Amino acid sequence: MRIICALLVAATAVAHASDYAIGADLSFLKQAEDRGTIFKDGGQAKPGLQIFKDHGYNWIRLRLFHTPTQLPNNLEYTIALAKAAKQLGYKFLLDYHYSDTWADPGKQFIPKAWASMSHAELVDAVRSYTRDSMNAFAEAGAYPEMVQVGNEITNGMMWPDGKLPQNWDQFADLVKAGIAGVEAASVNRPRPRIMIHIDKGGDKVKTKAFFDKLDSYGVKFDVIGQSYYPWWHGSLLDLHENLAFMANEYKKDIIVVEAAYNYRPAEYRNKPAPFPETPEGQKEFWEEVNRMVLATPGGRGIGLFWWEPAVGGGRGSRVFFDQDSNALPVMTVFDKFTRH
């Protein structure tokens, strides 16, 4: 019996390893290239998607806004980028913000088109919008393998209707409506896995409070997504402890679905840093986060995603490209895992 159990555990580990998500949120990539950014790897110009593919990346994460006015991430743009990624063999995580702009713990704006709706009308709108947009991805040959219902929804979504902690009943209705929309679009095709994404990567107490409450509403989902930025979310030890807690407590797969570090001084100018804010320090951070995820009990850590590594022209400090759009050392972290 012990031998059989050991073989089952080993088989499970191999299955998880083959599906391990080496991912990047590349939602700005198409915009950057459309505006003329030419990404380079070792000085050689290549399409951005190809550079990430060459270094072992196998998943793309793309956000979707309802009717954006300032940002490119509408349905047409997102389908085009998802289709290009699919043609290169990427799997696709679709990130519904249910907003016209950024949705995160500090803001969750209702789309303007839905602003005057009652709660019941909002629930119907979320379900039908999710179903119809999912069908559009399917018709384009870019159906996602995984879907986030909301983005960093620790404080709820679609405020004020689904704001937490005061409106848990309404919030649960909205989350269930998004899941129902995914399921309605998946009747005749493989159902994507459903992710619930919060921003408490290093906070076991607040993670438990959120998911215990969510479970009390009977919300059915498959994957826990966590954001982890060390200047906001704790130490690597905090992350390690929370990954172990989630795996043991909820028996669900876990992805660190947003993480990043700076390759030049930004967050740690006036306080000690866990890693130097240099190209090599950025690479070391990504190696350590991957090590934490791989060490999650029961093989429940199934991947990690960098947030926005391909903003055009080396903008920002958390990107994978310098000011000449040449790939930084962090790009090579997964070479040793994926090359043979």
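Which helices and strands do the buried residues of H4 pack against? In this predicted model, the buried residues of H4 pack against helix H2 (29-34), helix H3 (48-54), strand S4 (59-64), strand S5 (91-96) and helix H5 (119-139). The sections below place this helix within the whole chain and then turn to individual residues.

## Overall architecture

The protein chain contains eleven helices and twelve strands. Its radius of gyration is 20 Å, close to the 20 Å that the globule rule gives for 340 residues, so the chain is as compact as a globular protein of that length. Along its principal axes, the C-alpha trace spans about 60 × 55 × 45 Å.

Of the 340 residues in the protein chain, 54% are buried. When contacts between residues at least 6 apart in sequence are considered, 75% of them join residues at least 24 apart. The accessible surface of the chain comes to about 14,600 Å², and carbon and sulfur atoms account for 54% of that surface.

Within H4, the buried residues are Tyr77, Thr78, Ile79, Leu81, Ala82 and Ala85.

Ala85 is also among the residues touched by Tyr90, which is found in the loop between H4 and S5. Tyr90 is buried, with a relative accessible area of 3%, and besides Ala85 it touches Leu49, Phe52, Lys53, Tyr57, Asn58, Trp59 and Ile60, when residues up to four places away in sequence are not counted. The C-alpha atoms of Tyr90 and Glu145 are separated by 10.0 Å, although these residues are 55 residues apart along the chain.

## Helix H9 and Asn242

Helix H9 (residues 236-250) has 15 residues, and the distance from its first C-alpha to its last is 21 Å, close to the 21 Å expected at 1.5 Å a residue. Its buried residues are Leu236, Leu239, Asn242, Leu243, Phe245, Met246, Ala247 and Tyr250, and the elements that cover them include helix H7 (204-216), strand S10 (223-228), strand S11 (253-259) and helix H10 (279-294). After H9 comes Lys251, which has a positive phi, near 55°.

Asn242, which lies in helix H9, counts as buried at 0% relative accessibility. Leaving aside residues up to four places away in sequence, Asn242 touches Lys200, Gly201, Gly202, Asp203, Lys204, Thr207 and Gln226.

## Asp25 in strand S1

Asp25 lies in strand S1 (residues 21-25) and counts as buried at 1% relative accessibility, given that buried means under 20% relative accessible area. Its contacts, not counting residues up to four places away in sequence, are with Arg61, Arg63, Phe305, Trp306, Trp307, Glu308 and Pro309. The C-alpha atoms of Asp25 and Lys46 are separated by 18 Å, the two residues being 21 residues apart along the chain.

## Backbone geometry in the loops

Most residues other than glycine have a negative phi, and most peptide bonds are trans.

Tyr98, although not a glycine, has a positive phi of about 50°. Tyr98 lies in the loop between S5 and H5 and is buried, with a relative accessible area of 1%. Glu152 likewise has a positive phi, near 50°, and is a residue other than glycine. Glu152 lies in the loop between strand S6 (146-149) and S7, and at 8% relative accessibility it counts as buried.

Pro160 lies in the loop between strand S7 (156-157) and strand S8 (162-163), whereas the place of Pro165 is in the loop between S8 and helix H6 (168-185).

Key: Residues numbered from 1 in each chain as written. Predicted model: local features only at pLDDT ≥ 70, side-chain atom pairs only at ≥ 80, totals over all residues. Heavy atoms only, no water. Helix = DSSP H or I, 4+ residues; strand = E, 2+ residues; numbered from the N terminus. Rg over C-alpha atoms; globule rule 2.2 N^0.38 Å. Buried < 20%, exposed > 50% of the residue type's maximum accessible area, 1.4 Å probe, protein only. Contact = heavy atoms within 4.5 Å. Areas by Shrake-Rupley, 256 points an atom, 1.4 Å probe, with all protein chains shown as cover. Expected span 1.5 Å × (residues − 1).
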